[in-house]
Amino acid sequence: MSTDTANARYDAGMTVRREVLGDAHVDRAEAARSDLDTPFQTLITEGAWGTVWASDAISRRERSMLTLALLAATGNFAEIPMHIRACANTGASKSDVMEAFQHVAIYAGVPKANHAIKLAKATFAEMEGEA
C-alpha cells in the first residue's frame, strides 16, 4: 500500500471515528497516545474506522447494532458503553440495541446479553442525566 493510500485511509478513518464517537472521546484517546501504542492506534484508525466504518455498504445504524452484538457475544464488555454512546451519532435507537442484544442471548448466551443490557441501561441513564 502506498503512503498516499495509507494517509488517505487514516484521514478518512479519523473523520469517521470523530463522527461516530465524538470529538471529546477521540481527543481523549489521542491525548493518551504514546510511542508504545501509536502503531495500534494507526491500525484501528485505518482498519476499523477508515475501511470498515467508512464503507457505505451498510448504514452506521446497522454497524452500531452489529458492533454491540459482537462485543457482547465475544464478552468484550469494556467497549460497550463507548458504542452505546455512539448510537446518538449513528441513529441506533434503544430499541435497536435491545434487538441486537436479544440476538446475542439466543446465539451467544443469556449471561452475555444480560450483562450487555445492564451496561446499556446504565450508559443510557448516564446520557440522559448529562442532557
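User: How are α1 and α5 oriented relative to each other, roughly parallel, antiparallel or perpendicular?
Analyst: Keep in mind that this is a predicted model. The axes of α1 and helix α5 (residues 80-90) come within 7 Å and cross at roughly 95°. Angles of 65 to 115 degrees count as roughly perpendicular, so α1 and α5 are roughly perpendicular.

User: Which residues of α5 does α1 meet?
Analyst: On the α1 side, the contacts come from Glu19, Val20 and Leu21. Their partners in α5 are Met82, Ala86, Asn89 and Thr90.

User: How far apart in space are Ala29 and Gln41, C-alpha to C-alpha?
Analyst: Ala29 is found in helix α2 (residues 23-32), and its 21% relative accessibility is why Ala29 counts as partly exposed. In sequence, Ala29 and Gln41 are 12 residues apart. In space, their C-alpha atoms are separated by 9.0 Å.

User: Is Ile58 buried or partly exposed?
Analyst: Ile58 lies in the loop between α3 (38-52) and α4 (60-73). Buried would mean under 20% relative accessible area. Ile58 has 31% relative accessibility, so it counts as partly exposed.

User: Which residues make a nonpolar surface patch with Ile58?
Analyst: The patch takes up about 260 Å².

Key:
Residues are numbered from 1 along each chain as its sequence is written. This is a predicted model: local features need pLDDT of at least 70, side-chain atom pairs count only at pLDDT 80 or more; totals for chains, interfaces and linings use all residues. Side-chain values use heavy atoms; hydrogens and water are left out. Patches are made of residues with over 30% relative accessible area and no salt bridge: like charges are joined within 9 Å, nonpolar side chains (Val, Leu, Ile, Met, Phe, Trp, Tyr) within 5 Å. Accessible areas come from the Shrake-Rupley method with a 1.4 Å probe; for residues, only the protein chains shown count as cover. A salt bridge is a side-chain nitrogen of Lys or Arg within 4 Å of a carboxyl oxygen of Asp or Glu. Helices (H or I, at least four residues) and strands (E, at least two) are DSSP runs, numbered from the N terminus. Buried means under 20% relative accessible area, exposed over 50%, partly exposed in between (1.4 Å probe, protein chains only). Axes are lines fitted to C-alpha atoms, for helices over the stretch in contact, and angles run from 0 to 180 degrees between N-to-C directions. Angles under 35 degrees count as roughly parallel, over 145 as roughly antiparallel, 65 to 115 as roughly perpendicular and the rest as oblique. Contact means heavy atoms within 4.5 Å.
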